[in-house]
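Student: Could you take me on a close look at the sheet in this model, and at what lies around it?

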Amino acid sequence: MTGRIVVLASGSGSNMSALIDACNRNEVPGRVVAVAADRDCRALQLASGRGIETILCAFSTYDSRHLWNN
């Protein structure tokens, strides 16, 4: 059985890319199905380029951190 993995990213995506590659080599029993970030970053661009769903939940679109957290 393989797991469905959602990556939380905030930067260049190097760790995410390594995880995706390890999954593709069957070194990790799972598949990255989505990548989420709190700001636009290279990780989202890389994930999108690999056909992986991306989610952007920018703090700036909320009136307070409390609302963003909930």
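Tutor: Let's begin with a definition: two strands count as paired if DSSP finds at least two bridges between them. Keep in mind that this is a predicted model. Here, three strands form an open sheet in the order β1-β2-β3, and the pairing is parallel. The strands β1 (3-9) and β3 (53-56) stand at the edges with a single partner strand each, so one side of each has no neighbour in the sheet. From one strand to the next, the twist averages 25°.

Now zoom in on one pairing. Strand β1 is joined to β2 (residues 30-37) by seven bridges, and the two run parallel. Within this pairing, Ala9 has Ala37 in β2 as its bridge partner. Helix α1 (residues 14-24) packs on the sheet and touches β1 and β2. The direction of α1 makes about 160° with that of β2. Helix α2 (residues 42-49), in turn, lies across β1, β2 and β3, and runs at about 155° to β3.

A search of the whole structure finds one aromatic pair. The ring centres of Phe59 and Trp68 are 5.9 Å apart and their planes are at 85°; planes over 60 degrees apart count as edge-to-face, so this pair is edge-to-face.

Technical notes: Residues numbered from 1 in each chain as written. Predicted model: local features only at pLDDT ≥ 70, side-chain atom pairs only at ≥ 80, totals over all residues. Heavy atoms only, no water. Helix = DSSP H or I, 4+ residues; strand = E, 2+ residues; numbered from the N terminus. Axes fitted to C-alpha atoms, helices over the stretch in contact; angles between N-to-C directions. Contact = heavy atoms within 4.5 Å. Phe/Tyr/Trp six-rings, centres within 6.5 Å; stacked < 30°, edge-to-face > 60°.
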